[in-house]
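Dear colleague,

Please read them alongside the coordinates.

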Amino acid sequence: MHRAGQMIRRWRDSHQPPLSAGEFGRLYGAPEAWPSRTVYGWEAKGKIPRPPVQKRLAELGICGPQDWLEPITPPAVDTTSPRKAPAAAMHPFFDLHTHHFIRAAASTPQVRTADVAYNAAGILAEARRAHDAGVDLLVYPELSLSSYMLDDLVMQDALLRRVEAELAAIVLASAGLSPILVIGAPLRHNHQLFNCALVIADGRLLGAVPKSYLPNYREFYEKRWFAHGRDVRGETIRVAGSDVPFGVDLVFASTVNPHFVLHVEICEDMWSPVPPAIAGALAGATVCANLSASNIVIGKSDERHLLARSHSARTGTAYIYSAAGHGESTTDHAWDGQGFIYEQGDLLVESERFSRDAELAIADIDCARLAGDRLRNKTFDDGVTAAGRPAQQFRRVAMPHRPQQGDLGLIRPVARFPFVPDRPHKLDEDCYEAFNIQVDGLMRRLESTRSQALVIGISGGLDSTHALIVAAKCCDRLGLPRSMIRGYTMPGFGTTEHTRGNAWKLMEAFGITAEEIDIRPTATTMLHNIGHAFANGEPVYDVVFENVQAGLRTDYLFRLAGQHKGFVVGTGDLSELALGWCTYGVGDHMSHYGVNSGVPKTLIQHLIRWTIRSEQFSHDTDAVLQAILDTEISPELVPVGADGAVQSTEAAVGPYELNDFFLHYTARYGLAPSHVAFLAWHAWRDAAAGNWPPFFAQNARNRYDLATIAKWLENFLRRFFQFSQFKRSALPNGPKVSSGGALSPRGDWRAPSDAVADLWLDELQAALPPL
């Protein structure tokens with residue numbers, strides 16, 4: 001190792017808050033960004049960059065060329081206290097553990113065949129490196145202490161004695177380290193040899209889990225050496241002078257995080273028809289570790305991903321997989337050292353395969369999300385009951401450990417737009433699917449009602465534009481003329497010529513039947529009849545003033561639908577329903593079929609952008625769609641101010657990109673407001689960090705500080721829990737589009753209309769730092 005790597009790490013940590021390797025590379029890696037893996041290579045693996053990079057780092061005052069040649073001695077591990085975060089970041093809100101995350105890692109340590117002392121040193125080196133990174137759970141490969149590919153050497157008495165001796169040393173050295181270590185070793189018990197996983201925490205060996213399924217086909221011969229552990233339950237094993245729980249009936253429960261319960265299985269167990277981890281999950285485990293020595297052949301990496309992803313999705317767990325790598329015997333096999341972590345079917349991180357160096361694949365697991373989703377999944381409940389409540393057959397071992405405190409950052413992908421498809425290789429397929437869910441729903445309603453017209457109010461805004469696109473696709477697929485779509489633009493007191501012009505251009509571009517009805521005379525009459533001050537010339541633009549216009553527009557649409565033997569296609573979206581931003585009853589709240597009711601505003605924007613990019617319609621139509629995307633979101637119910645300012649929706653209810661973020665984690669997972677705020681802060685605090693949806697414009701990449709996030713989250717909580725449920729309880733029909741959920745009382749969401757939001761607001765206020 002060289003001094004330069006240490007200096008880079010110190011320089012990153014000196015920032016407020018500390019820079020991640022990725023952030024450092026993006027901000028300072030001119031002219032090209034330095035990937036986080038490259039930065040970690042300099043800091044932790046002793047890799048030396050090209051001369052231009054050395055020059056750049058010297059210009060920044062971080063390290064000089066001579067520092068790459070000067071070796072360092074790794075610092076001693078502090079066994080008395082965790083790494084200290086900067087004082088300004090010590091408020092509990094900034095600590096991932098406050099929100100029930102754990103930092104986990106899959107480790108591929110340095111290994112040599114049958115060199116137990118060397119392997120033990122590699123295990124401890126990775127444990128210390130993980131400690132420096134704030135890791136809570138560290139999973140090593142199968143038989144990582146002895147090495148896996150030993151054949152008959154695994155039964156040699158000298159080797160097995162050395163395994164126990166080095167194991168005792170590892171347990172002793174783990175005191176004061178933050179990671180819980182899950183290592184592999186061969187152990188003797190009652191004159192049988194078992195392939196075991198051992199759980200070690202803070203100087204204690206907590207238990208040993210034997211491998212259940214021993215492969216004995218093709219290149220595998222494990223039954224020659226090992227006894228299977230499928231029937232080992234309720235036993236103890238004496239290891240390195242201590243008696244510890246031994247069996248496949250163990251789960252390890254954190255003493256500091258109530259949602260962190262660990263189950264361990266070994267390699268082939270994952271390939272079995274009924275993996276032990278299923279029983280472990282049904283017994284309460286939220287995290288499963290698999291210690292593997294899977295050799296690599298073509299296509300096997302995909303198979304591992306498939307099995308781990310499906311298990312984590314089916315059981316609602318995080319799945320940590322660590323396979324043996326370089327250093328194992330290559331007499332007849334090769335090894336790629338693959339490590340990855342899945343959470344509920346989502347890949348959080350994957351290590352570099354075929355690396356000659358030790359690897360740490362680190363990600364933060366959201367245990368609260370896992371626990372919350374299980375609470376909602378009653379099929380999981382049924383699985384627990386059908387399996388005979390496995391928790392009653394499992395022993396629950398207390399797992400004390402030392403999570404590091406302070407702002408350790410957040411190492412996991414957090415999508416800024418959780419409702420928006422963001423897989424580049426699947427983008428067209430995902431957008432096509434979202435569109436056609438809506439189109440198919442409208443087609444079915446049109447066929448069942450035998451209607452002769454689709455009536456839509458066209459405002460020149462996002463929602464009515466998207467509803468018109470869906471209606472046009474519906475007619476095209478059914479072979480019906482688009483002229484049966486009857487679009488009405490209804491200018492009111494706040495309508496601008498810009499949006500009115502866009503509405504007309506849009507209707508003409510789509511070739512629908514288009515008309516205009518000026519609602520101002522009728523609205524004036526109604527305001528006069530009810531004695532509203534505006535009718536007497538006073539500039540009073542209150543809710544009544546706005547609702548008179550919104551109600552008249554909907555009233556006209558319903559009467560027009562009756563006149564033309566059709567039905568009203570609703571345009572209101574999921575975001576507006578969450579916030580109650582719609583006029584109840586005879587207003588934009590109501591329609592005969594709400595095609596957008598399952599689609600949030602951010603997804604509508606994304607789908608319209610995709611419509612343009614994929615050339616679904618003519619270039620002239622695309623130009624109108626782009627103009628609508630570029631227009632500020634507004635209900636246009638209040639006249640334009642003297643300064644030319646147009647009524648802004650987001651100024652009243654907050655940015656839709658934040659509201660949709662809040663909605664997803666509140667309604668889909670039921671996370672506490674402080675947890676939602678923590679995720680939002682990490683997602684939105686730095687526009688240069690993380691991934692944006694493909695083709696997302698640079699000038700639209702916003703950032704929000706914690707004070708702004710907290711302000712609009714409070715507003716969201718009031719509107720969502722206390723203000724607007726009565727509107728959602730009376731929704732017209734409309735299709736669910738996203739797995740993130742919908743708000744129909746017949747579908748995803750049922751809630752009382754007279755609840756209060758106090759407890760959610762109190763929880764948020766109690767958790768936030770002073771702002």
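In strand β9, Leu 262 is the bridge partner of Phe 252, and it is through two bridges that strand β8 (residues 250–254) and β9 pair in the antiparallel sense; strands are DSSP runs of E with at least two residues, helices are runs of H or I with at least four, both numbered from the N terminus, and two strands pair if DSSP finds at least two bridges between them. The model is a predicted one, in which local features need pLDDT of at least 70 and side-chain atom pairs count only at pLDDT 80 or more, while totals for chains, interfaces and linings use all residues. Residues are numbered from 1 along each chain as its sequence is written, and side-chain values use heavy atoms, with hydrogens and water left out.

A hairpin of six residues joins β8 to β9, whereas β9 and strand β10 (residues 287–292) pair in the parallel sense over five bridges, with Cys 288 of β10 as the bridge partner of His 263. From β9 the chain crosses through helix α7 (residues 276–282) to β10 in a right-handed β-α-β crossover (clockwise from the first strand over the helix to the second, with the strands pointing away from the viewer).

Strand β9 (residues 261–266) has six of its six residues buried, that is, under 20% relative accessible area with a 1.4 Å probe, protein chains only. Val 261, His 263 and Glu 265 point one way from β9, and Leu 262, Val 264 and Ile 266 the other way.

Best regards

Notes:
Buried means under 20% relative accessible area, exposed over 50%, partly exposed in between (1.4 Å probe, protein chains only).
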